[in-house]
Amino acid sequence: MGTNNDGIFQFCRIWWTARKMQGTAYIEEGSQNSEQLLEEEGDDLEFDSNDLEIEGDDPGIEDNDLGIEDNNLEQDKNLGIEGHDLPEGNDLEDNCEQLFDIEYHVIENNRDDATVEDVQNDDFLGKDYPPPVVGMEFESYDDAYNYYNCYAKDLGFAIRVKSSWTKRNSKEKRGAVLCCNCEGFKTSKEAHSRRKETRTGCLAMLRLRLVESNRWRVDEVKLEHNHLFDPARAQNSKSHKKMDAGAKRKVEPTVDVEVRTIKLYRTAAVDPLGYGSTNSNEGESSQHVDRSKRLKLKKGDAQIIHDYFCQVQLTNPNFFYLMDLNDEGFLRNVFWIDYRSRAAYGYFSDVVIFDTTCLLNKYEIPLFAFVGINHHGQTILLGCGLLVDETFETYIWLFRAWLTCMLGRPPQTIITEQCKAMQSAIAEVFPRAHHRFCLSRVVGKIFDNLGTLQDYEGFQRTLNVAIHDSLKVDEFEMAWEDMIQRFGIADNECLRTCYEDRERWAPVYSKDTCFAGISTLLKDGSIQFFNGYVNQQTTLKEFFDMNELVLQKKYQKEALDDFESRHSSPILRTGSFYELQLSRVYTNEIFRRFQDEVEMMSSCFSITQVHANGPLVTYMIKERQDEENLRDIKNFEVMYDKRGAEVRCICSCFNFKGYLCRHALCILNYNGVEEIPPLYILARWRKDLKRLYVPDSGSNNIDIANPVQWFDHLYRRALQVVEEGMTSEDRYMVAWQAFKESLNKVRLVAEKHL
């Protein structure tokens, strides 16, 4: 079942298929045009001769990677996607492509003269150029350039090459940024030119890069312009003039011309027999298939998955799932996510935990889950599924699928197990994200490996002190070396591997990384969303039977905490105005955690200024670590910028937990700051922020000639009204009346055209 956003991808696919079929000569001419443009743009073009540094996230989906089911079950039946309707042998993979969209099926399988004549119709090519989206792929740079140029001409603006880069010691292009020709402003040299100023600082752009499949992928898109479109002026631009010249050389392709498309997904159908195969002759084909490359399902499990998806789609229209097949047509991986999870990610995308506990501990079901943290500090589900293995290829498929569902927006921080394959896949798909290993899992692995040490308890204490009490990198390094020498464990392979990865799990290396209080949930070493519900013996049927109940229980808990936070006043423990201030803003649970910091301000004393550089001042503050042992004192360095009341403590509590520490609060108070600056009051913790769990409606730049975008835009907007209308009886009545009035108005418009 695909999302509505998939309609855009589907439309892109059909349009670009038609454009490619229009004639190879057009593309060849475009190749010369784009290269010439690179030379003519002059100062706007930047060639980087250093090693290639690829920026941006990689939400693109490779050929034959994913599977999407169509929303229309009746159409599915007509296309013959049920297991018993699929052909055998080599035709199986071709039919898997059927499921993506009906239009693609028609173009792919009707390569006759009539089809060629139809797609060459100028009326078709003169409109409906779909807007670019992250993840679109092209066979070449020229294809990508010509597509964006056509899209620009259709809207009424021109483009140019802002920059491009090549690999060192090679002329091979590796990436480029195409921008609106209104980008930037005149340079100082051009300021006195009589030439009319046409640039407005427009930020609309398209970033492309060459990926491992030798395709050009859209890596970043900005659609919004800060100026009106001027089709007449754009028509006379360099890019469009050259495009028109190239368009004159149209050559009708032969009927056997290869139809190229932007392939985003590979589709799948579930075998009702329950063995994870799309082939009805499962008994014959399985003799030649490596069963380790297919999802281990018991008889009837695939039918259970299929029934669950069908059931959820009846009550959750935006429910989305993907299936991945191996080359023989057997099911490998499954991923699903509902609309609430996608919407919640819009509020809580700063920290994501990729939970593979079931895979790590060899559970009956190979379950994984993307988990986030909500405004109450509770875990929320951001997607889950089943994986065949823990290889680089599998993780690449999954992360790209998940990122596509999240509209190409990667998390700021992602926390996972310590796994090389996973680490490589995250670096490929989420290159800008902070990837960190789960600290409690790393420590637990070390303890398990060294459980036979003679002074095991002493080793545990020493390791915990090195990890949690080190405020500076040098302190951690020295403490680690002392521990190695003291216990004679320098040759331990597990310890050596963990030390090599220390920058991904030791807190002292992650002070600039946002964790949103995740450490509070990791004290027991568990990050499972389904903790307490799924164990090693839980079957797939048992899981799906309880899944919706678990989710509803979590949703009800969040709703109850929302109500209590909004309608109750927490008890204050001190006379601090900081405490009173956040009691009115934060949810109850987060405020209680902050209260602990306010209370512990009393253990801080002796503030000393140690350095000053204009408005930037560095203080040293002392804190008693133990009320019974007054000599147990620790120093904390706090920097304070008087210009903007910015404060930063060496303990980095704000990044780790999401609120200021006692040391920072003392410095603010010392400098006469009566309120916590807005910079340190995170929206993610606020109780007065209304969160509508409706998928992001995306850009308001709707192509009024594209019915796919009509549906997508109207549907999402209607869901927002539904969410608001469900909050009270009065709002329900207003929403219901508005829907009735809107429907009557729409029908009146329709009747006028009859």
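Buried means under 20% relative accessible area, exposed over 50%, and partly exposed in between, with a 1.4 Å probe and protein chains only. The model is predicted: local features need pLDDT of at least 70, side-chain atom pairs count only at pLDDT 80 or more, and totals for chains, interfaces and linings use all residues. Residues are numbered from 1 along each chain as its sequence is written, and side-chain values use heavy atoms, with hydrogens and water left out.

Q: Why is Val 722 called partly exposed?
A: Its relative accessibility is 34%, and the term covers values between 20% and 50%; Val 722 therefore counts as partly exposed.

Q: What makes Tyr 345 and Trp 402 an edge-to-face pair?
A: Rings of Phe, Tyr and Trp (its six-membered ring) pair if their centres lie within 6.5 Å; planes under 30 degrees apart count as stacked, over 60 as edge-to-face and the rest as tilted. For Tyr 345 and Trp 402 the centres are 5.2 Å apart and the planes at 80°, hence edge-to-face. Tyr 345 and Trp 402 are both buried.

Q: Why are Phe 370 and Phe 399 called edge-to-face?
A: Their ring centres are 6.3 Å apart and their planes at 65°, so the pair is edge-to-face. Both Phe 370 and Phe 399 are buried.

Q: What makes Arg 624 a charge over the ring of Phe 605?
A: The rule asks for NZ of Lys or CZ of Arg within 6 Å of the ring centre and within 35 degrees of the ring normal. Arg 624 lies over the face of Phe 605, at 4.4 Å from the ring centre.
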